[in-house]
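Please examine the sequence and the model before reading the solutions.

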Amino acid sequence: MFNQAIADDLSGHNQAARKVYDDLTGSDMSADIAVPSAINLVALGKFDAAEKAFDGLAASADARVSDYAHLWQLWLSARTHAGKPASLKKELAMLTSGMDASSPSQQALIRLYSGKGSTEAVFAAIAAMPGTDELQRRDALTEATFFTGGYLQYVARNNKAALGLYEREQNQLNSTSLERPLIIKAAASLQAAKH
């Protein structure tokens with residue numbers, strides 16, 4: 001069931017995946033489905049529920065899970081912010097203060113959202129990752145493309161740069177990363193807005 005839910009999410013059948021995640025909640029698979037289930041809520045546009053899910057994951061004892069959840073907290077704050085750009089930047093600066101990640105690329109993303117980093121630094125951190133295999137590199141690249149694109153769209157409000165990034169990296173994305181369909185959807189939406 002779990003693998004089917006992931007396959008459904010990867011192929012854009014998010015509602016079918018949601019049903020499986022809901023069925024598995026409270027089972028011995030709860031910990032395994034927590035992250036994909038939270039991403040599924042984003043795919044469905046249920047941002048309040050996703051925020052709550054990622055807030056819970058940010059408190060995880062597993063550093064990989066909590067580091068990843070922190071990135072989603074930043075993205076969701078940027079995506080759902082309804083005020084002025086200056087108030088969003090202030091909110092992100094508060095959120096990122098004291099936020100840390102074990103991965104250099106995730107740390108570069110946190111610095112980007114804090115207003116102290118650059119998109120170039122994020123991708124340079126991935127290029128400098130020692131001893132990573134191709135799958136790990138593509139996974140980091142997909143994650144970085146999604147969160148950097150989100151920063152460009154919702155914080156920098158530079159849709160042209162976001163679309164350029166999505167298009168430039170599309171052939172490098174990990175086909176099994178749950179961010180990939182979200183990147184494709186964002187790129188399609190930005191492309192349609194151009195016409």
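**Exercise 1: the second largest pocket**

α3, α5, α9 and α11 (179–194) each contribute at least two residues to the lining of the second largest pocket. Helices are DSSP runs of H or I with at least four residues, numbered from the N terminus. The model is predicted, so local features need pLDDT of at least 70 and side-chain atom pairs pLDDT 80 or more, while totals for chains, interfaces and linings use all residues. Residues are numbered from 1 along each chain, and side-chain values use heavy atoms, without hydrogens and water.

Task: determine which element gives the largest share of this lining.

Solution. Step 1: a pocket is an open set of points on a 1 Å grid where a 1.4 Å probe fits, with protein on both sides within 12 Å along at least five of seven lines; lining residues have an atom within 4 Å of a point. Step 2: the space amounts to about 250 Å³. Step 3: among the 14 lining residues, Trp75, Arg79, Tyr154, Leu182 and Lys185 are closest to the centre. Step 4: α11 supplies the largest share, four residues.

**Exercise 2: the largest pocket**

Task: identify the residues closest to the centre of the largest pocket.

Solution. Step 1: the volume is about 970 Å³. Step 2: of 27 lining residues, Arg64, Tyr68, Gln106, Asp139 and Glu143 are the closest to the centre. Step 3: α3 gives the most to this lining, with five residues.

**Exercise 3: Tyr113**

Task: name residues in contact (heavy atoms within 4.5 Å) with Tyr113, leaving aside neighbours within four places in sequence.

Solution. The partners include Trp75, Phe147 and Val155.

Note on methods
Grid points are joined across faces, edges and corners, and a volume is the space filled by probe spheres set on the points.
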